Amino acid sequence: MPIKENKQKKKLEDQEQKNNLTPISDLGEFKLIEELTKTFEIYNDSTDYGIGDDAAILDFNKEKILVSTDMLVEGVHFDLAYTPMKHLGYKAVISNLSDIYAMNGICTQITVSIGMSNRFTLESIEELYLGIRAACKKYNVDLVGGDTTSSNKGLIISITAIGHANGKKISKRSGAKLNDLLVVSGDLGSAYMGLQILKRENEVFKVNPNNQPDLSEYAYLLQRQLKPEARKDVIEFFAENDISPTSMIDISDGLSSEIMHICKSSGMGCNVYEDKIPVSEELRSSCEEFKLHSTTVAMSGGEDYELLFTIDQKDYEKIKNSSDLTVLGHITNNLDQVNLITKAEQVVPITSQGWKSF
């Protein structure tokens, strides 16, 4: 078939598909909510009543309640040119669950509120909710409410996460003590590099829309950016091994920024050793390609959603055999000395270089 006929056929197919999509305005708010949430299940006994009334009803008995809210704005936190709606829904949930786990708690419920412009169809928003549902199912979290409204600024997503924790086990940012070990889960910087790859390929696509890049060699980095995971498994590891982190935070804004948060909140300093910072081989390779330094990316990149925490030295024996936990350094008693000890044994002050909202 000639190229011209192929293009015409595809154009007709695209138009037919577009004609089959459902405008949000055809449903109204309550029918939209019913359509989006009808397949969600209840996983937790603490959910007495979920969606369907003016408020959800939760019962946590005597445990402490944890609540955290995050907002994602199109053009600020995500770009739909290279972020699939299903992945966006999944990631939006993960970023909120991570905040609950960073308190050494377990998340059990979320609410989801979205603002959307009239360019979105029911089918596109359903894709978003497929990702939200997948995250809820994987982490045993119940969707119990939210809100929908119109927006003249594209897509806005606001998620509130609700969880619980034993009051004696809650880990705040402010509990680090002198000589505590500074520990991190997983590897760092890969999510940032995944974003750089997506941005680069998007620019190439703008120049040549027919270009079909092979991104298989970047699979891990792209996964870390588009479909990250929250570290519920680390919280379960703490419980199984009777570990109570003295302080903890999740790495959403970059390692350097999170270190500064813990040190400032605790009134302490720290030494972090460059040769201990865990980075993936895929990150090292891509840093060479982009002419970036892997330590800089690991320190300043965000959206890893790993857990950074401090523990008493007596708990070292409990974590030393874990291949997923790395001791980065230790806490010192001087807030004015938050330092990176380089591979060349130079002492470099750490400054916050991570994500800034404004």
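This is a predicted model: local features need pLDDT of at least 70, side-chain atom pairs count only at pLDDT 80 or more; totals for chains, interfaces and linings use all residues.
In which kind of crossing does helix 5 pass helix 9, left-handed or right-handed?

**Stop 1: helix 5 and helix 9**

Select residues 190–207 for helix 5 and 281–290 for helix 9. Helix 5 passes helix 9 in a left-handed crossing. Two packed helices are described by the angle between their axes and the distance between the axes. Here the axes come within 10 Å and cross at roughly 45°. That angle makes helix 5 oblique to helix 9.

Now show the side chains where the two meet. From helix 5, pick Ser-190, Met-193, Gln-196, Ile-197 and Arg-200. Their partners in helix 9 are Leu-283, Ser-286, Cys-287, Glu-289 and Phe-290. Sorted by class, this contact of helix 5 with helix 9 has five nonpolar, three polar and two charged residues.

**Stop 2: the two faces of helix 9**

Keep helix 9 selected and colour Leu-283, Ser-286 and Cys-287, its buried residues. They lie on the same side of helix 9, because they cover an arc of only 105° around the axis. An α-helix has 3.6 residues a turn, so residues three or four places apart point the same way.

Then turn to the face directed away from the buried side, where the exposed residues Glu-281 and Glu-288 sit. After helix 9 comes Lys-291, with a positive phi near 60°.

**Stop 3: helix 6**

Select residues 219–226, which form helix 6. Its buried residues are Leu-221, Leu-222, Arg-224, Gln-225 and Leu-226. They pack against helix 3, helix 5, helix 9 and strand 10.

Go to helix 3 and select Lys-91. Is Lys-91 buried or exposed? Lys-91 has a relative accessible area of 12%, so it counts as buried, the cut-off being under 20%. Leaving out residues up to four places away in sequence, Lys-91 touches Gln-225 and Leu-226, along with Pro-228, Glu-303 and Tyr-305. Gln-225 and Leu-226 are among the buried residues of helix 6.

**Stop 4: Glu-306**

Finish in strand 10, at Glu-306. This residue is buried too, with a relative accessible area of 2%. Besides neighbours within four places in sequence, its contacts include Arg-224, Arg-231, Asp-187 and Asp-250. Last, select Glu-229 as well: Glu-306 and Glu-229 are 77 residues apart in sequence and 8.5 Å apart in space, C-alpha to C-alpha.

Terms used. Residues are numbered from 1 along each chain as its sequence is written. Side-chain values use heavy atoms; hydrogens and water are left out. Buried means under 20% relative accessible area, exposed over 50%, partly exposed in between (1.4 Å probe, protein chains only). Helices (H or I, at least four residues) and strands (E, at least two) are DSSP runs, numbered from the N terminus. Contact means heavy atoms within 4.5 Å. Axes are lines fitted to C-alpha atoms, for helices over the stretch in contact, and angles run from 0 to 180 degrees between N-to-C directions. Angles under 35 degrees count as roughly parallel, over 145 as roughly antiparallel, 65 to 115 as roughly perpendicular and the rest as oblique. A crossing is left-handed if the near helix is turned anticlockwise from the far one by less than a right angle, and right-handed if clockwise. Ala, Val, Leu, Ile, Met, Phe, Trp, Tyr, Cys and Pro count as nonpolar, Asp, Glu, Lys and Arg as charged, and the others, Gly among them, as polar. The arc is that of the directions from the helix axis to the C-beta atoms.
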